[in-house]
Amino acid sequence: MSTQSSSNRPVKVTTQTVVDMKRQGEKISMLTAYDFTMAQIIDQAGVDIILVGDSAGNVMAGYETTVPMTLDHMIYHTSCVVRGVDQALVIGDLPFMSYQVTPKEALRSAGRMMKEAGAHGVKLEGGKAVVKTVKKIVNAGIPVMGHLGLTPQSIYQFGTYKVRAREEEEAKALVEDARALEQAGCFALVLEKIPAPLAAKVTEAISIPTIGIGAGDQCDGQVLVIHDMLGLNKEFNPRFLRRYADLSTSITEAVQQYITDIKSGDFPNEDEQYS
Ligand code: KIV
């Protein structure tokens, strides 16, 4: 975000900053990160929010779903990211079964994310079913980002990663869920893989920012998984994904060149060794 302090130094992005950005019509940029080095690069590039998503389960750990991720895994990844960030708002994802059992247990999980990882807030999935939980966490002073639409922690209930809420009934329930999450105190809402007109309706209906992934251009902001947008993950090709780099090819070529240089005796050369 372009906000500057009076001393002309960039200021830190807060939950209030992103709510104000919606009011002022400034779009919000969010990316995932899971480690110190990547977090440092994308923070210095100026991204507004860094989400330490449980998509770490897919792109860092190689699991098929996000379900196996534990709170300890997420605290580890979030703490690595926090150490690399100066300005962005860092949100730690609460993994499956760290907040679903009771609001009290959810608060403990959110508290660990704040105290042990240094997150600035947490994200959790679900609508009306998590309203009590959101209230409990928010009342303890912890900012909460909601997540509706395709919620990957429920993949075994959905059975597929297809677009959600195409049917009228599910769409109506999603709008109600969004209002309920706003009233419960969420400061922002991720909308994943829903029809663009529905995301536009939700965005209009609530005063907190919506951040879309596969939810069209009317959301208040956009999020992508960093591995996908940098082209590190070539097998994943959903319609909503725009690739901004082809790092998979760049890394392959660099490693192949390195191997060739070693085998030919070209590396290291005279300048690359100590006398
Ligand atoms: O885990 C994650 O990376 C997410 C984003 C895709 C929104 O939830």
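Modeller: Before we start, two residues are in contact when they have heavy atoms within 4.5 Å. Keep in mind too that this is a predicted model.

Biologist: Okay, which elements do the buried residues of H4 pack against?
Modeller: Start with who is buried there: the list includes Leu71, Met74, Ile75 and Val81. Buried means under 20% relative accessible area. The partners of H4's buried residues are helix H2 (36-45), strand S2 (49-52), helix H3 (56-59), strand S3 (89-93) and helix H5 (103-115).

Biologist: How far apart are the end C-alpha atoms of helix H4?
Modeller: Helix H4 covers residues 71-84, which is 14 residues. At 1.5 Å a residue it should span 20 Å, and the model agrees, with its end C-alpha atoms apart by 20 Å.

Biologist: Which element has the lowest mean pLDDT?
Modeller: The protein as a whole averages a pLDDT of 96. Among its elements, strand S4 (residues 121-123) has the highest mean, 99. The lowest, 94, belongs to helix H7 (residues 155-158).

Biologist: And how many contacts does the stretch of residues 2-9 have beyond near neighbours in sequence?
Modeller: Residues 2-9 have a pLDDT below 50. Where pLDDT is low, the predicted coordinates should not be read in detail. With that caution, the count for residues 2-9 in the model is 7.

Methods. Residues are numbered from 1 along each chain as its sequence is written. This is a predicted model: local features need pLDDT of at least 70, side-chain atom pairs count only at pLDDT 80 or more; totals for chains, interfaces and linings use all residues. Side-chain values use heavy atoms; hydrogens and water are left out. Helices (H or I, at least four residues) and strands (E, at least two) are DSSP runs, numbered from the N terminus. The expected span of a helix is 1.5 Å times one less than its number of residues. Buried means under 20% relative accessible area, exposed over 50%, partly exposed in between (1.4 Å probe, protein chains only). pLDDT is the predictor's confidence in each residue, from 0 to 100.
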